[in-house]
Amino acid sequence: MAQKQNLAVLGAQWGDEGKGKIVDLLCEDFDVVARYQGGHNAGHTVKFADRHFALRLIPSGILHPGKLCLLGNGMVIDPKALLDEIEQLRAAGAVIDENLKISETAHVILPVHKAIDLAREEAAGDAKIGTTGRGIGPAYEMKVSRHGVLMGELLDEAVLRRKVEAACREKNSILTGFYGKPAHDAGAIIDEYLRYGEIFRSRITDVTLLAHAQIKAGKRVMFEGAQGTLLDVDHGTYPFVTSSNTVVGGICTGLGVPPKQIHEVMGVVKAYTTRVGSGPFPTELLDDVGDRVRTRGNEFGTVTGRPRRIGWLDLVVLRTAIMLNGIDSIALTKLDVLDDFDEIPVCTEYALADGTARHYPRSAVAHGTYKPTYKTLKGWKSSTIGIRSYEELPQAARDYVRFVEDELECRVSIVSTGPRREETVVR
Ligand code: GDP
Ligand code: IMO
Ligand code: MG
């Protein structure tokens, strides 16, 4: 069968599914890797040999020489965070020159966005979203309110000055008047951001045109999702979501690439479930079993270090993700984390007051009128760490994979058995 040209790799749960590892693994066969939404709320881990990288804004493809990496218009970019990331990657030996381009219409995160994000969370107390505190939400708000600063405007002093002054006037009044927080000095921000403009000048361009030119030339593009499907602002567990479209449609708006150029969609699925921050989590484990998974899986945030909430695999969530994204195949990660359990429950559907739900029943979950139904599978009780061939997986582990495939009617094409690139079964 002919290889399909362009591939989307995106999270099917609440983020941290292992997208970075999978993008890095598949990268070799692609020419371009593009991010299309989110910002440095993402933390994508890539490990190979004894190397360890945590990527936040830059596509995971940057570690492969010769790949063109794009930051799409749908992203929100903190230029300071981007600069730090470039410097860290360079210090670790990555080559970052003409291979990294930034959309001129991606939106800029300003210090006032971060301050509002933090102040709002603090004021919300127990009702907080549990954001990463990076200013993501407030930057997207300003985009949608049509007052946002574009990356391209870092190159236009008059426009930048006018917009940052206006943003600071408005946001400072909220920060000081409403939240009792200090104001930010527009002049200092403008000076700092003009410097970033100079630093990034050669990278800031029409990324949409660039992506289309690459596709037209027959180059293969991988679209790297950030966050996960259930964190999508429209289709996720609102309001406990991020502020962008994490579903496949985000590629069309966040890069300007039409749906017919997305030839295949791979959903990255952790073999159990995690989520960071607040919000519903139907299969959550609040007991010592959850603690065991957290420890074995090292489930602490790449970006914030926060302990991740843990639960069993939830097929209701995954059916919804497959439906929303048109997922063609699954990369099942962190199977090795389950090596040690006698039994592994998997949630197959939710019992409702008047029937069952096989897709995520938003209102029943919001009202607490549902109960996850589990099928308990047998654990394999032996190490799968680093296994690279499907046949070498213990029978019970293959049964687990098979069960997931049958229930979801979707092929598991990759099984990940460790954090490193080489610790992978490709079927
Ligand atoms: P992302 O945000 O989807 O890229 O995922 P993160 O990098 O935030 O979190 C995934 C974590 O699991 C990282 O620490 C990875 O190194 C690690 N990881 C990825 N795949 C595997 C796997 O198959 N087994 C184990 N044990 N760890 C994995
Ligand atoms: P990757 O790409 C997991 C969560 C936050 C919070 C909510 C809103 O590494 O999978 P935000 O700062 O975006 O306004 O926070 O979204 N969140 C993530 N959770 N992985 C991520 O990214 C996340 N990015 C944001 O914890 O609940
Ligand atoms: Mg992550």
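**Exercise 1. Find the strands that helix α1 lies across, and give its angle to β1.**

Solution. Step 1: α1 lies across β1, β2, β10 (221-224), β11 (264-270), β15 (329-333), β19 (411-416) and β20. Contact means heavy atoms within 4.5 Å. Step 2: α1 runs at about 160 degrees to β1. Axes are lines fitted to C-alpha atoms, for helices over the stretch in contact, with angles from 0 to 180 degrees between N-to-C directions. Helices (H or I, at least four residues) and strands (E, at least two) are DSSP runs, numbered from the N terminus.

This is a predicted model, where local features need pLDDT of at least 70, side-chain atom pairs need 80 or more, and totals for chains, interfaces and linings use all residues. Residues are numbered from 1 along each chain as its sequence is written, chains are lettered from A and ligands numbered from 1 in the order written, and side-chain values use heavy atoms, without hydrogens and water.

**Exercise 2. Trace the open sheet of 10 strands.**

Solution. Step 1: the order is β9-β7-β5-β2-β10-β1-β11-β15-β19-β20, with mixed pairing. Two strands pair if DSSP finds at least two bridges between them. Step 2: the edges are β9 (204-205) and β20 (424-426), each pairing on one side only. Step 3: β2 and β5 (residues 68-71) run parallel, joined by 4 bridges. V33 has C69 in β5 as its bridge partner.

**Exercise 3. Identify the protein donors of the magnesium ion (ligand 3).**

Solution. Donors are N, O and S atoms within 2.8 Å of the metal (3.2 Å for Na, K and Ca); water is not among the atoms, so sites may look incomplete. Step 2: D16 sits in the loop between β1 (7-11) and α1 (19-26), and G43 in the loop between β2 (32-35) and β3 (44-48), 27 residues apart.
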